[in-house]
Structure formats: structure tokens, C-alpha cells
Amino acid sequence: MLLVVLTSLLFLPLLLSGQAFGRAVSGYATPLGVALLVGSFAFGLGMQTADACASGTLYHTGGGDVRGLLTLGGFLAGSLLGTYRWDRWMAAPHLPAVLLLHSLGPAGAVAVQLVLAGGVAALTLVLERRRYGEAVRILVLPGSGKMAGRAGWSLAAGAAGLAVANFLTLLVAGRPWGITSAFALLAAKAFGALGGSPGAWAYWRIPANAQALRTSVWADVTTVMDLGAILGALLAAAVAGRFPRPYLRRVRVRTAAGAVLGGVLMGWGARLAFGCNIGAFVSGVASFSLHGWVWFAFALLGSRLGVKLRPLFGYAA
């Protein structure tokens with residue numbers, strides 16, 4: 001919640017002006033409909049069976065976890081599947097996109113963001129303390145207490161760093177940070193190389209998507225950033241002395257199945273819901289679009305079901 005509030009505040013002046021350094025910038029805003037609800041639910045479910053999200057898959061892959069490769073394979077397949085009948089899902093019942101900045105003005109939009117994020121944070125603290133006796137401390141360096149992690153940065157510092165990175169992405173790319181569109185692009189290019197015709201599908205007839213399909217992957221900002229995330233995780237693992245040994249560990253069959261299944265669900269769901277927990281949720285909320293909060297709610301519902309299924313794939317509930 002700290003992350004989405006900080007990102008929202010950083011985005012605000014650029015979204016109001018609509019430009020930065022002479023180039024147009026815009027946030028993410030998508031319709032509120034059946035596709036969003038089904039896609040976000042499927043993504044939340046897949047996050048639990050794969051034990052990762054979209055960015056987590058990149059992190060696992062670069063950091064030396066073989067599950068990341070399995071999830072990535074499923075993600076590519078699910079993303080391609082999500083573009084196949086994409087137009088039919090877009091024709092399902094829906095409402096227009098709701099931009100809080102347009103509906104409520106800057107002050108009202110910021111107030112709504114603060115109330116929603118503050119409410120979620122407060123509820124989380126209550127539930128976390130009830131279950132564990134204490135809550136994760138986000139403003140201090142971890143290292144003590146039974147809820148502490150092993151990282152060297154506080155969670156608040158991590159949130160601030162990610163908010164600044166997303167802001168820089170908006171400046172450079174003209175739109176917020178996203179991840180999963182690159183998976184769909186790579187899968188479509190591979191399918192085309194094998195003799196398929198994804199360019200005939202409605203999703204790939206959208207001008208921006210058609211251009212991405214025709215040009216080099218190195219011209220796609222999202223693809224390059226995804227590769228950067230993998231390389232960054234690889235570098236961090238190498239510096240920590242934990243690479244490449246983790247790749248050599250054995251993975252149970254049911255855990256591998258969960259990784260692939262989760263990847264498929266997340267890839268398919270991300271295309272229906274216009275993104276993942278980064279593109280649809282964090283960047284969607286930071287764009288002051290109501291769809292980001294709707295995505296969050298239904299992904300939580302899917303995640304709740306996924307938590308109950310985790311023991312089937314060898315994870316703790």
C-alpha cells in the first residue's frame with residue numbers, strides 16, 4: 001500500500017500535464033468487466049500454485065530457481081492462449097474505464113487513494129498481529145523479531161525504490177511499468193516462427209501490438225525491462241554467492257506441475273485483465289484508474305482459493 005501511494009503521488013503531476021520533456025505520457029485505464037474479473041481471479045490463483053507472480057517469475061529465473069524457468073514456460077503458453085480469443089472476452093459485458101482524476105479531480109482522487117490504501121494497510125496490520133503476535137516492521141532494517149526477514153533494506157526503502165523506478169519508466173517509455181505483454185509478444189513470435197499465424201488474431205491486429213509483432217523484440221521496452229529484471233536478479237544472486245547451485249536442486253513433480261499450471265493461469269489471466277500485479281494493480285492504481293483496485297480485490301479472491309490448493313503442489317498453506 002505504501003508503494004501504490006508513493007507511485008500515485010509521483011505520477012500525479014505527469015498525468016495531469018499529459019507530457020514530460022515534450023513527449024506524451026499516459027497511465028493505464030481499462031474497462032471494468034467480466035474479462036477483468038475472470039483474468040484477475042485466474043492470476044491470483046496462479047500466483048499461489050506457482051509460488052510467484054510475474055515479476056517473481058523473472059526474479060526466480062535470474063536468481064537461480066529452476067521453478068522460475070518452469071513458470072516462465074507456462075506463462076508464455078498462457079499468454080499466447082490469452083491473445084487467441086481475446087476479442088470475445090472484450091465483447092463480454094463491461095463498463096467504461098473509470099479514471100478518478102477525471103471523476104473526482106486531483107484532490108478527491110488522492111483522498112480516495114489514501115483512504116483505500118490506508119484501509120487495506122490497517123486491516124492487514126490487525127489480521128497479521130492477530131495471527132502472528134506482531135507485524136512486519138516496514139520502516140526499520142530487518143534482523144530481529146520472529147517476523148523479520150534477511151534482506152538488508154527495509155520494506156519501506158524497497159517500496160520507495162520501486163516507486164521511483166516506475167516513475168522513471170513513465171518518463172522514459174511514456175507509460176507505466178508493465179511486465180506480461182512481453183511474454184505474449186515473445187510467445188507470438190515463437191508461434192509465428194513455427195508456422196502459426198498470430199497476426200490474424202484480433203489482439204495482434206491492434207496497431208501497437210501489430211507493430212511490436214513486426215519489429216525486433218529489442219525495440220519493445222517491456223521485453224528489454226524484463227530481461228533487465230532477470231539479469232539484475234542473476235547479478236544479486238552471484239554477488240551473494242548463491243548462483244548457480246540452486247538450479248541444480250531437484251524439484252518434486254507436483255511442485256513442477258504447480259509452477260507450469262500457475263504460469264499458464266497467470267499468462268492467460270494477465271491478457272484478459274490487461275496486466276499483472278505490476279501492470280494492472282500497482283501501475284493501474286497509480287494511474288488513478290479504478291480497474292487497479294478491482295484487479296486487486298479479485299486477485300485476492302483467486303489467491304485465497306490458491307492458498308487452499310498449495311498443499312497439493314508441495315507448499316505450506
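This is a predicted model: local features need pLDDT of at least 70, side-chain atom pairs count only at pLDDT 80 or more; totals for chains, interfaces and linings use all residues.
Tutor: Quick ground rule first: a helix's expected span is 1.5 Å times one less than its number of residues. Helices here are DSSP runs (H or I, at least four residues), numbered from the N terminus.

Student: OK, α2. What should its 17 residues span?

Tutor: They should span 24 Å, and the end C-alpha atoms of α2 are 24 Å apart, so the two agree.

Student: How many of the α2 residues are buried?

Tutor: 13 of the 17, so α2 is mostly covered, where buried means under 20% relative accessible area, exposed over 50%, and partly exposed in between (1.4 Å probe, protein chains only).

Student: And what follows α2?

Tutor: D51 does, and its phi is positive, near 60 degrees.

Student: Switching to α4. How many residues does α4 have, and how far does it reach?

Tutor: α4 runs over residues 66-84, which makes 19 residues. From first C-alpha to last it reaches 28 Å, close to the expected 27 Å.

Student: Which residues of α4 are buried?

Tutor: The buried ones include V66, R67, L72, F75 and L80, with glycines such as G68, G74, G78 and G82 also among them.

Student: What covers the buried residues of α4?

Tutor: The cover includes α2 (34-50), α3 (54-63), α5 (86-90), α8 and α11 (253-272).

Student: Back to phi. What is phi for F274 and for F288?

Tutor: F274 has a positive phi near 65 degrees and isn't a glycine. F288 isn't a glycine either, and its phi is positive at about 60 degrees.

Student: Where are F274 and F288 found?

Tutor: F274 sits in the loop between α11 and α12, while F288 is in the loop between α12 and α13.

Student: Buried or exposed, for F288?

Tutor: F288 is buried, because its relative accessible area is 1%. F274 has 30%, so it counts as partly exposed.

Student: What about S289, where is that found?

Tutor: S289 is in the loop between α12 and α13 (290-309). Its relative accessible area is 0%, so S289 is buried.

Student: Which residues is S289 in contact with, leaving aside neighbours within four places in sequence?

Tutor: S289 is in contact (heavy atoms within 4.5 Å) with Y28, A29, T30, V98, L99 and G284.

Terms used
Residues are numbered from 1 along each chain as its sequence is written. Side-chain values use heavy atoms; hydrogens and water are left out. Helices (H or I, at least four residues) and strands (E, at least two) are DSSP runs, numbered from the N terminus.
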